[in-house]
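Please read the following points with the model open beside them. They are set out as a colleague's note, point by point.

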Amino acid sequence: MKRLELAIESVILASRWLLVVFYLGLGVALAIYALSFGKKLYEFVMSAFTLGDTDTILKMLGLIDAGLVASLVVMVIISGYENFVSRFDEQDGEVHWLGTIDVGSLKVKVASTIVAISSIHLLQVFLNSVSYTTDQLMWLTIIHLAFVVSALMLAYIDRVMALAKGKKAED
C-alpha cells in the first residue's frame with residue numbers, strides 16, 4: 001500500500017510540469033501582443049503630427065496600457081513557474097524579485113496591475129466621454145471601483161496572513 005501511495009504522490013508531483021505548457025502559451029501570446037503593440041506604435045508615430053492633444057494622450061495611454069498588460073503576463077509566467085514548477089537556475093541577469101513573490105503577493109500584484117489598467121481605460125473613456133452615455137460611464141466607474149475594492153481586500157488579506165505567519169514564527 002505504501003508503494004501505491006508513493007507512486008500516486010510521484011504522479012501528482014510530476015503533474016506540475018503540465019503548467020509549463022500554459023506558461024509557454026502565455027509567452028507565445030505575449031509575442032503576439034508585442035506585434036500588436038508594434039503596430040499601434042507605428043500608427044501613433046505615423047500620425048503624431050496630425051493628432052490633437054487629447055488624441056495624442058489617448059494613444060499614449062493605450063501604449064501604457066499595453067505595457068502594463070505585458071508586464072503582468074511576464075510576472076505571472078516567471079513567478080508562476082518559480083512557485084509551482086521549478087526554481088530557476090542561478091544566472092548573472094537574474095531578476096531581483098525572483099523567488100520572493102509567493103502566491104498571495106502575486107495575487108496582490110496582479111490585482112494592483114488590473115486596477116492600474118482599469119484606471120487607464122477609465123481615463124481614456126473620460127477623455128472621450130462624448131462617445132459614451134451616462135449609464136455607460138456610471139457602469140464603467142462602478143466596475144473600476146469593484147476592482148479597487150477587490151485589490152484592497154486582497155492586500156488586506158495578504159497583510160493579515162503575513163502578520164499571522166510572523167506571530168506563528170515567534171511562538
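**Notes on the model**

1. E5 is partly exposed, with a relative accessible area of 36%, where partly exposed lies between buried, under 20% relative accessible area, and exposed, over 50% (1.4 Å probe, protein chains only). This is a predicted model, in which local features need pLDDT of at least 70 and side-chain atom pairs count only at pLDDT 80 or more, while totals for chains, interfaces and linings use all residues. Residues are numbered from 1 along each chain as its sequence is written, and side-chain values use heavy atoms, with hydrogens and water left out.

2. The side chain of E5 meets that of K2 in a salt bridge, at 3.9 Å from N to O, the term being used for a side-chain nitrogen of Lys or Arg within 4 Å of a carboxyl oxygen of Asp or Glu. K2 is exposed, at a relative accessible area of 54%.

3. The structure holds two salt bridges, and E43 with K39 form one of them, at 3.6 Å from N to O. Both residues belong to helix α2 (residues 19–47), where they are four residues apart and thus about one helical turn from each other. E43 is partly exposed at 37% relative accessible area, whereas K39 counts as exposed at 53%. An α-helix has 3.6 residues a turn, so residues three or four places apart point the same way.

4. Helix α2 has 29 residues and reaches 42 Å from its first C-alpha to its last, close to the 42 Å expected at 1.5 Å a residue, the expectation being 1.5 Å times one less than the number of residues. Y23, F44 and S47 are buried in α2, and the buried residues of this helix pack against α3.

5. Which residues make up the largest nonpolar core? It has five, namely Y23, V73, I77, Y81 and V85, a core being a set of buried Ala, Val, Leu, Ile, Met, Phe, Trp, Tyr and Cys residues joined through side-chain atoms within 4.5 Å. Its largest share, four residues, comes from helix α3 (residues 53–85). Leaving aside residues up to four places away in sequence, Y23 touches V76, I77, G80, Y81, F84 and V85, contact meaning heavy atoms within 4.5 Å.

Technical notes:
Helices (H or I, at least four residues) and strands (E, at least two) are DSSP runs, numbered from the N terminus.
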